[in-house]
Amino acid sequence: MKRWMSQGWKTLAAGWLVSLWCLAATAQAQNLTIEITRGSDQATPIAIVPFEFSGQGGLPQDVAQIVSDDLEHSGQFSPLSRSSLVSLPSSSEDVFYDDWKRVDARYLVVGKIEPQGDQYRIQYELMDVLGGKRMLGETLTSSSGDLRASAHYISDQIFEAITGIRGAFSTRIAYVSASGTGDNARYALYVADADGHNGQQVLSSDDPILSPAWSPDGQKIAYVSFESGNSAIYVQNASTGERVRLTSFRGINGAPAWSPDGRKLAMSLSKDGQPEIYVMNLATRQLTRLTTNPAIETEPDWSPDGQSLIFTSDRSGAPQLYRMSATGGQAERVTFTGNYNSDGRFAPDGKSLFMVTRDDSGYHVAKQDLDTGRVTVLTDSRWDESPSVAPNGTMVIFATQQGAQGVLGAVSSDGRASFRLPSAQGDVREPAWSPFLN
Amino acid sequence: MQMKTYAKTLAVALSLAVVAGCSSSGGTQEGDMNGTSGGTSGQGMTSGQGTSGSQMGANEQRPSVDTIYFAFDSEEIRPEFESVLRGHAQYLMANPNTNVTLQGYADERGTREYNLGLGERRAQAVEQYLTVQGVSPSQIQIVSYGEERPAVQGHTEEAYAKNRRVVFSY
């Protein structure tokens, strides 16, 4: 698939205006800091001992703390505070399981870091305290700049060893920042680590940017930009900044959504009068119109098997979600609870949808089971929108408001745990969770 | 349909009258050239200013109000704004080489992409009103910004009411 993608990309790039964007010239960094707003009462207690460092001075990153934060943010773990750790072992050989049973730690993580030339050698181990046995152990090398990434990798391994679900701590998020008003308005597209750190600006504009969407291989981001004076869909290489303008029809060019195989892009275009769902073959740039209805039809999303699409339509008089074959045909209404359901996103297993739903208390992120139709409202803030699902399906990131500021929020897919990622300045919104990148 | 044809004829007649008005009131060589070479809005108004051709001049005035507002979840033209729209229609018919971009907007409630659709519906409602009056569709472009670029920040009903709008951008 990767090989095909690269071919398709070249064809695409050759046929269209290619503009190069220089990362070094305009790179701007931004960190979003996670604030936990709700912890799960069913989180598993885990003890994460600070990793022993045998080198001179200190380390630029507290690896064990990053692992602890990752696991806590997932809502599935409640790490013991460092002050409640009964001892500070750095290897499984030094662990007395009874000590950890007494403080109710279900699992234990220990490790050590030593300098190795200009690199670091990190060794970590995971233990099942109740079972009294070592579950996992690994040694890796990391440069100073990669210590955070190494910590996220360790979190992924621990998460998967315990839950059986692949960890998504090494993934990334794209989001839009906005600051200033009127003629001073500035918009930027950022790519950051999933925990909000290492944000890098990949596009900036005087005009609105919205709806970023990652390609399934994690290499490219499609988005809508108004920089030409109207909405247009662009596809940008996330690392080189190279980009193409894919559509600039009259009317709305919006809501890009990649097919799971990366060969097609679904979108909403109003070139024929009102917004309709189209699918573009990225190799041939051929457009197929899938809907024909005088209503607004937008926000398409592909089922994980690529066989069907959901989209928002107000053909019933208010926005609701509909499902149709990816080749077109009859659309079947999916949502019936409440009078406003939009921006539906499939869970990675295809069994449920996440969406924006409106009730008396505002706009929230909700989950609908596709078999039973049962709807669970996951968030209780008033202005929640733009849900984007982590590739392992355990968390949903969304845009919300904190006071007058636009911030990102995340909620576990069972609604039990949530956190926010406010920006130090300006509004942040339109989050898009990347696929697995490793 | 017949109405439209009639309106178009009227528009052509009016625009011819305006061109004629410009040249006669301005009376200079320059004015004549401006009038015949296309008569964009600025030129027409300058050459006609402060002279006796005030009656035709009224049609050339671009209405000072360039924004109209809408009710929640509605693209219906409110009666109080019909005079504003008629003023823009007359201005556009009097200046057939002038184009306008109708910028459609929504308030922040609801999802951004859906709101692009709502903003476009409002701009299309204005476009339809103008073309029924006789404005050529070729003079009108539509850009929907949805809830982007709000006129007023904030989460109050007052802010929402000011953000649900169509702006005439010449």
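**A hairpin strand and its surroundings**

Strand 27 of chain A and strand 28 of chain A form a hairpin with five residues between them, and A:Gly373 in the turn has a positive phi of about 80°. Helices (H or I, at least four residues) and strands (E, at least two) are DSSP runs, numbered from the N terminus. Two strands pair if DSSP finds at least two bridges between them.

This is a predicted model: local features need pLDDT of at least 70 and side-chain atom pairs count only at pLDDT 80 or more, while totals for chains, interfaces and linings use all residues. Residues are numbered from 1 along each chain as its sequence is written, and chains are lettered from A and ligands numbered from 1 in the order in which they are written.

Strand 27 of chain A and strand 28 (residues 375–377) of chain A run antiparallel and are joined by three bridges. In this pairing, A:Gln368 stands opposite A:Val375 in strand 28 of chain A. Strand 27 of chain A also makes a hairpin with strand 26 of chain A, with two residues between them. Here eight bridges join strand 26 (residues 352–359) of chain A to strand 27 of chain A, again in the antiparallel sense. A:Arg358 has A:Tyr363, in strand 27 of chain A, as its bridge partner.

Strand 27 (residues 362–369) of chain A is largely enclosed by the rest of the structure, because six of its eight residues are buried. A residue is buried if 20 or more other C-beta atoms lie within 10 Å of its own, exposed if 12 or fewer, and partly exposed in between, with C-beta atoms placed from the backbone.

Another set of paired strands in chain A is an open sheet of four strands in the order 17-18-19-20, with antiparallel pairing. Strand 17 (253–258) and strand 20 (287–289) of chain A stand at the edges, each with a single partner strand, so one side of each has no neighbour in the sheet. From one strand to the next, the twist averages 25°. Axes are lines fitted to C-alpha atoms, for helices over the stretch in contact, and angles run from 0 to 180 degrees between N-to-C directions. Strand 17 of chain A pairs with strand 18 (residues 264–269) of chain A over four bridges, and A:Ala257 stands opposite A:Ala266 in strand 18 of chain A.

A helix of chain A is also mostly covered: helix 3 (residues 63–73) has 10 of its 11 residues buried. Among the elements covering the buried residues of helix 3 of chain A are strand 4 (44–48), strand 7 (107–116) and helix 5 (147–163) of chain A. Just after helix 3 of chain A, A:Gly75 takes a positive phi of about 80°.

A nonpolar core is a set of buried Ala, Val, Leu, Ile, Met, Phe, Trp, Tyr and Cys residues joined through C-beta atoms within 7 Å. The largest such core has 78 residues, of which A:Ala174, A:Leu189, A:Ala222 and A:Val396 touch the most other members. Strand 11 (residues 186–193) of chain A gives this core its largest share, six residues. Apart from it lies another core, of 31 residues, including A:Val49 and A:Leu71.

Chain A also touches chain B, in a contact that takes 16 residues from chain B and 26 residues from chain A. Two residues are in contact if their C-beta atoms, placed from the backbone, lie within 7 Å. Helix 6 of chain B gives the most to the side of chain B that touches chain A, with six residues.

Chain B has seven helices and four strands, and 45% of its 170 residues count as buried. B:Ala123 is found in helix 6 of chain B. B:Ala123 counts as buried because 25 other C-beta atoms lie within 10 Å. Beyond its neighbours within four places in sequence, B:Ala123 is in contact with residues including B:Leu102, B:Ile142 and B:Val166.
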